[in-house]
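I opened the notebook to look up a few things in one protein chain. The entries follow in the order I made them.

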Amino acid sequence: MAKPLDPITTSVVQHRLSSVVEEMGEAMLRTSYSQILNASRDFSIAICDTRSRLIAQADHIPVHVGALPWAVRAVEAAFTGTIEPGDVILLNDPTTGGSHLPDVTAFVPVFGEGVRRYWTVVRAHMGDIGGATHGAYNPAATEIWQEGLRIPPLKLYEAGRLRTDVLDLIALNVRFPRDFRGDLAAMIGAAHLGERRIERLFREIGAERVEQAVEAVLDGAERQARAVVSGWADGTYRGEALLDDDGRGREDVRIVATVTKRGSDLSVDLSESDPQSASFANSSHANTQAAVAMAFAYLIDPDIPKNDGAFRPLSVTLRKGSVVWADDHLPVTLCTTHPANEIVEAIVKALSAACPERAMAGWSRRFRISVTGDNPRTGKRFIWHMFHARPGGGASPAGDGWSGAGEWHSVGGIKFGSIEVAEARFPLRFDRHEFRAGSGGEGRHRGGLGTAMDLVVEVPAYAHTAGEGARHGAAGLLGGRDGAPHDYRLVSQGSSRPLRTKEFGIEIAAGDRLEVRSGGGGGWGRPEERAPEAQACDLTRELTQGGHAGGQE
């Protein structure tokens, strides 16, 4: 029988594992090649165990991490009894725990005292993954094969030996192989760093003792989460959120959440959501599971570790063939933002009746632009994913929303980086980048402001859009008003036209300007309850046009 574990050792293990995932993230940031990773930080880090449980995560992109247990489950099933030290496994396929094809995941097994015990896991959004068009976000896609290369659980390294032919095959199928190889090397290096740090912890404390401490951490997180849920009002609640459209002419696509709370248990039923689409505005199974976990995480105490234990009170019901769990052949690339954001919004709306003091108003929606062309400075083709002009975060019972913070799925985890660095790396010029006055929804607490950006593309290029929120702004809550919707325009040769949220093959002439006005967050509480001093501050901000929104969020 194992000797009882003292709370000090348990705390040491918990904090050591937290430091491991943080260090892995820092290594990833400093060694990755592409702008989407080393400037915008669109990657996530986790430690899972062999039972596919989430043990620790770093503060990166919640929608990534919530899906990782499903990916580990697929890896365990694919390689039962054949995993060795030195293996590195990849996947991105949504049918095996991937979110969408651009998110490639690397897994490194961690052994202690001769037994395989954990996985260090890195999921990163690649700048390109092949398919019919650059950047994988293909508004014209009608099937998943048009979105990029699908990778099921696959050994890239076997017992420390690189399968060069496999790497060459994958790299051959992406448009920017140098960036892909560099980013993948950074992912694998970060995962091996985590492996070494955990092995050191095993040597210092003992592998069995570490596992014993992990069980105590998970059980403690469950107790804390259940204590929070127990304080909410029992009942069955309903919330809805709407997608603007699916890019195929169907508007106001509904996400419907029926949430039942009994004691310390919470069940979320999304089966009434609208049928799946023929476009990329569908969700994969793992991505929807992640979105539900995100919503729950945003409603419990921030200091509760977000691990497997914290999510034990939660159960999820989905319907195959719906927009939140599409058939396997359909495209899903938009899913990590939409309908992920709307799933969160519908659940939070539903539970605002059970725990109004915890529920946030809606965060604004993602409306991305990817631009590609020839860069005369390098003589090579470039791809630029727009992470600038971040929209506003939702207000909460605690105060106003954060301006320029982003969307529900990342809650500030995705950065827009330095404007000056972007201008140095790409043939772009930023003429304006500042907070968008008046874009936050009014309320007792005001939604965060979006951003006004004017961007000149200096070379001929073409672009795609992929997003939401041009018709529906971020939802106000408990009497708060919705945030302003997005307003994106292309100005070419003196004429201006609006950009649709799901538009393929936009031709851009040298010197054309993108005028981006991103949406604000929703307001919380009735506007007439706003404090007079806050109203005076709002007026001052309006008169000064909101102020500068520079290189950091």
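In which loop is Pro-339 found? I located Pro-339 in the loop between β11 (314–317) and α9 (340–351). This is a predicted model, and I kept that in mind for each entry.

**Entry: backbone**

I looked up Pro-339 for its peptide bond. The bond from His-338 to Pro-339 is cis, and its omega is near 20°. I then turned to Glu-113, which lies in the loop between β4 (103–112) and β5 (115–125). Glu-113 is not a glycine, yet its phi is positive, at about 55°. I noted both cases because most residues other than glycine have a negative phi, and most peptide bonds are trans.

**Entry: whole chain**

I looked up the secondary structure and found 11 helices and 20 strands in the protein chain. Next I checked the dimensions. Along the principal axes, the C-alpha atoms fill a box of roughly 75 × 60 × 40 Å. Why does the radius of gyration of the protein chain agree with that of a compact globule? A compact globule with 553 residues would have a radius of gyration near 24 Å, and the protein chain has 23 Å, so the two agree.

**Entry: domains**

I looked up how the chain is divided. Domain 1 covers 7–221 and domain 2 covers 360–553. Their centres, taken over C-alpha atoms, are separated by 30 Å.

**Entry: interface**

How many residues of domain 1 are in contact with domain 2? I found 22 residues of domain 1 in contact with 27 residues of domain 2. I looked up the area next, since the size of an interface is often given as the accessible area lost when the parts come together. Between domain 1 and domain 2 about 1900 Å² is buried, and carbon and sulfur atoms give 64% of that area.

Last, I took the side of domain 1 that touches domain 2. The elements that give two or more residues to this side are α2 (35–38) and α3 (62–65). The largest share, three residues, comes from α2. By type, the residues of this side are 10 nonpolar, 10 polar and two charged.

Note on methods:
Residues are numbered from 1 along each chain as its sequence is written. This is a predicted model: local features need pLDDT of at least 70, side-chain atom pairs count only at pLDDT 80 or more; totals for chains, interfaces and linings use all residues. Side-chain values use heavy atoms; hydrogens and water are left out. Domain bounds come from an automatic or database domain assignment. Contact means heavy atoms within 4.5 Å. Buried area is the accessible area (1.4 Å probe) that two parts lose on being put together, summed over both. Helices (H or I, at least four residues) and strands (E, at least two) are DSSP runs, numbered from the N terminus. Ala, Val, Leu, Ile, Met, Phe, Trp, Tyr, Cys and Pro count as nonpolar, Asp, Glu, Lys and Arg as charged, and the others, Gly among them, as polar. The radius of gyration is taken over C-alpha atoms; the globule rule is 2.2 Å times the number of residues to the power 0.38.
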